[in-house]
Amino acid sequence: MGEITQKEVLIWLNSLNIGNSNIEKIMEYFIDLRDLWISPAKEINSIKSIKNEIKEKIINNRNSDYIKRLFSDINKHNIDVITIYDENYPEGLRYIYDNPKVLYKKGSLIEEDNLAIAIVGSRKATSYGKWACEKFAKELASIGVTIVSGLALGIDAIAHKSTIEENGRTIGVLGNGLDTIYPKKNLFLYNEIETKGAILTEFPLGVPPLAFNFPLRNRIISGLSLGIIVIEAKEKSGSLITAHHALEQGKDVFALPGNINSIFSRGTNKLIKDGAKPLLDIDDILEEVYQLREKVLIKKKKKINHTNFSDTENKILKCLEEGPIHSDNIVYKTGLDISTVNSILTILELKGVIKELTGRVFTLY
């Protein structure tokens, strides 16, 4: 192997299970990471911000044979590695707190995946939770939104599966290395996601699904998404950790209201009490996440067949294609009188083409 690159040093550090926060400290000390590879042991031992056991691990594993074995294993498993140095590093993760410096990937990430919503929830979902998860995953996938989740049992699996059934894209974020499929029941889903999106993890090969890995991966789930839906969650739940990460990252959190007698709705109901947005309809998401609202408007423009409507109806529909609009503004833009506008709006509502949001503001359905 030729001269080592910064990217290779970063992947090597990650493979030693040093941990993201310690890697960050090392990157602050060695502005050019290649210096870590060639610096004398004395200099590495002088770094005060990391523990001695980590320094020893670095010093003892700086050899070409280790690097060759490492990249041979990665290639053998058909894994792509993306680092913070790469242009194709996901934009949603680049500026979050404690962003992962290395990501292992199977499948593909495309530009459209920047328009993503995360769906998380209980591993032991109720029939109500399963129904709601499938509904929102399919409705979002149908308008081209990528669905992100954690490939666990329950709500995660339903979110991924429903998206694939709708021929949409989905991203699964793991709490272990890509050479381990966990839970094993999701083997088929794992393979499907690889062809219909991507599977990501910050954990190197050989890392098992340890309990403390899952709270860490939750910041990646929220970081990749414009907003997060919590379908069902107990009062103390990993889904609430994901919601907390989303709030820290300035993302919208949507929670499915549930029966106050259900332990699986205590977490979501508490989120709503604390300020999360109650999720009753997909429009609750579209009204808050402007990037998705713009996408829906474009899609709706393509869908409307103007030959099915009268000239007067089309005048009003063209106003609505620009976005939600008050009836008084429709009068101003079209030059039609208020009684005609109100009459046509009623007809278009009956035809199921438009709907009133609030206070005489209308939008395409």
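Me: Is α11 buried or exposed in this model?
Reply: In this predicted model, nine of the eleven residues of α11 are buried, so the helix is largely enclosed by the rest of the structure. Buried means under 20% relative accessible area, exposed means over 50%, and partly exposed lies in between, with a 1.4 Å probe and protein chains only.

Me: Which residues of α11 are buried?
Reply: They are N213, F214, R217, N218, R219, I220, I221, S222 and G223. Helices here are DSSP runs of H or I with at least four residues, strands are runs of E with at least two, and both are numbered from the N terminus.

Me: What should I know about numbering and confidence?
Reply: Residues are numbered from 1 along each chain as its sequence is written, and side-chain values use heavy atoms, with hydrogens and water left out. As the model is predicted, local features need pLDDT of at least 70 and side-chain atom pairs count only at pLDDT 80 or more, whereas totals for chains, interfaces and linings use all residues.

Me: Where is S225, and is it buried or exposed?
Reply: S225 sits in the loop between α11 (213-223) and β7 (227-230). Its relative accessibility is 2%, so S225 counts as buried.

Me: What does S225 touch?
Reply: Leaving aside residues up to four places away in sequence, S225 touches A116, I117, A118, V148 and K251. Contact means heavy atoms within 4.5 Å.

Me: Y95 next: buried or exposed?
Reply: Y95 counts as exposed, because its relative accessibility is 69%. Y95 is found in the loop between α7 (91-94) and β2 (102-107).

Me: Switching to helix packing, how do α1 and α6 meet?
Reply: Helix α1 (residues 6-15) packs on helix α6 (residues 64-76) at an angle of about 85°, and their axes are 11 Å apart. Axes are lines fitted to C-alpha atoms, for helices over the stretch in contact, and angles run from 0 to 180 degrees between N-to-C directions. The two helices, α1 and α6, are therefore roughly perpendicular to each other. Angles of 65 to 115 degrees count as roughly perpendicular, under 35 as roughly parallel, over 145 as roughly antiparallel, and the rest as oblique.

Me: Which residues make that contact?
Reply: From α1, E8, I11, W12 and S15 meet Y66, I67, L70, F71 and I74 of α6. By class, the contact of α1 with α6 has seven nonpolar, one polar and one charged residues. Ala, Val, Leu, Ile, Met, Phe, Trp, Tyr, Cys and Pro count as nonpolar, Asp, Glu, Lys and Arg as charged, and the others, Gly among them, as polar.

Me: What about α9 and α10?
Reply: The axes of α9 (residues 155-165) and α10 (residues 187-196) come within 11 Å and cross at roughly 50°. That makes α9 oblique to α10. On the α9 side the contact is made by A157, H160, K161 and I164, and on the α10 side by L189, E192, I193 and K196. These residues divide into four nonpolar, one polar and three charged.

Me: Finally, how many helices and strands does the chain have?
Reply: The chain has 18 helices and twelve strands. Of its 365 residues, 51% count as buried.
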